[in-house]
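Here are my notes for your first look at this one. Keep the viewer open as you go through the points.

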Amino acid sequence: MFEWIKRRLNKICSPALDWVQIEVTTYCNGSCIYCPHTIMRHSWAQKHMPMELFCTLVPFLEYTDLVYLQGWGEPLLNDHLFDMLRICKNQGKRTGFTTNGMLLNEDMSRRLIDLDLDIIGISLAGTSAKTHDRIRKGTHFSKIISQVETLCKIKAEKNASRPNVHLAYLMIKSNFHELEEIISLAKRVEAKQVVASNLSLIVDPKLSAEAIFNDTVHTDYYREILDEIRDKAAREDIIFDYHGPGLDHASLRCRENVRRACVINVEGEVTPCVLTNPVLSSYYIFNGDSLPLTGMSFGNLWNESLTQIWNKEDYTRFRALFDPEIKREPEQIRSEMPQRCLKCYKRLGV
Ligand code: SF4
């Protein structure tokens with residue numbers, strides 16, 4: 001009886017979310033020069049999310065539009081990834097993940113198409129092998145693009161419209177000149193969307209100068225090029241999504257959708273965004289200062305349901321900080337905001 005009441009309450013109070021992002025692994029076969037996985041390699045905890053933990057989430061998927069199996073690792077390394085995707089699809093969910101593309105062989109592509117995966121994001125940091133391979137070490141541009149082309153060929157053979165290919169381009173100063181080619185590349189691999197993201201978490205001080213938002217002398221140049229690419233993409237019916245290029249120091253809004261989405265890390269911790277994932281524990285650079293990188297968790301799925309965690313007072317109060325409907329003085333919001341969010345480049349709009 002008690003279990004039945006608990007299940008009913010969970011159902012009634014479950015949040016309606018736009019998406020849930022689930023970190024299925026922290027293992028990675030790449031060594032990107034900017035990634036915490038590479039920079040913190042001596043202390044990095046490599047783990048796969050066990051099926052048992054993933055299954056605790058299943059009752060809550062009902063209230064979620066999209067399930068994205070992504071965290072600080074390469075999802076295709078988790079042997080249970082296909083079982084997890086199948087569970088999500090059987091629940092009628094839109095499902096996707098982002099990959100570095102290295103393991104996306106023909107067999108893998110066929111299985112993903114047969115599963116009717118909705119979105120596959122491909123991570124890039126250049127539109128030439130020379131640039132991409134220098135930044136995303138351990139991954140190879142030519143191989144990735146050829147594998148995505150094979151995926152497109154199989155889709156055509158099977159007359160399948162999914163998965164939609166998205167390109168995720170990390171834009172930094174030393175690869176920005178290649179971004180203009182991204183739309184031609186997107187056409188080549190039939191990508192429907194390109195997301196150009198910033199180096200919003202700087203773990204290695206040497207990389208501060210690579211963040212385009214730190215290159216304030218050239219902000220107008222970056223903006224002009226980004227706007228041009230956006231217009232070119234629109235003519236090709238491709239969505240080009242980008243933020244910045246400059247910082248908005250007055251902003252009190254989080255660029256992540258923290259009010260209608262959450263991240264569940266490899267250990268079951270429920271956290272607002274990837275930057276507050278407790279797997280990150282080191283230092284990061286913000287405005288020239290080295291600050292402790294500590295995680296934020298509102299609860300763990302091994303102990304509580306997602307509904308219970310979502311409805312906790314401290315989590316509700318946290319989300320209210322980013323609610324534009326709640327009118328409060330900026331100073332009051334700042335005084336209540338966690339340090340991690342106060343000192344976060346994503347809050348400043350990049
Ligand atoms: S402000 Fe930054 S750290 Fe805080 S939730 Fe948003 S993205 Fe995450």
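**Notes on the model**

1. Start with the ligand: around it sit Cys254, Glu256, Val258, Pro272, Cys273, Leu275, Thr276, Arg340, Cys341, Cys344, Lys346 and Arg347 (a residue counts as near a molecule if its C-beta atom, placed from the backbone, lies within 6 Å of it). Seven of this shell are nonpolar, one is polar and four are charged.

2. Bear in mind that this is a predicted model, where local features need pLDDT of at least 70 and side-chain atom pairs count only at pLDDT 80 or more, while totals for chains, interfaces and linings use all residues. Numbering runs from 1 along each chain as its sequence is written.

3. Now the sheet: nine strands make an open, mixed sheet, ordered 9-8-7-5-4-3-1-10-11 (strands are DSSP runs of E, at least two residues, numbered from the N terminus; two of them pair if DSSP finds at least two bridges between them). Strand 9 (239-242) and strand 11 (270-271) are at the edges with a single partner strand each, so one side of each has no neighbour in the sheet.

4. Look for Thr99 opposite Ile122 in strand 5.

5. Glu23 is worth a click, in the loop between strand 1 (17-22) and strand 2 (31-32). Glu23 is buried, because 26 other C-beta atoms lie within 10 Å (the cut-off for buried is 20 or more). Beyond four places in sequence, Glu23 touches residues including Met49, Trp72 and Asn277 (contact means C-beta atoms within 7 Å).

Methods:
Nonpolar A, V, L, I, M, F, W, Y, C, P; charged D, E, K, R; others polar. Helix = DSSP H or I, 4+ residues; strand = E, 2+ residues; numbered from the N terminus. Buried ≥ 20, exposed ≤ 12 C-beta atoms within 10 Å, placed from the backbone. Contact = placed C-beta atoms within 7 Å.
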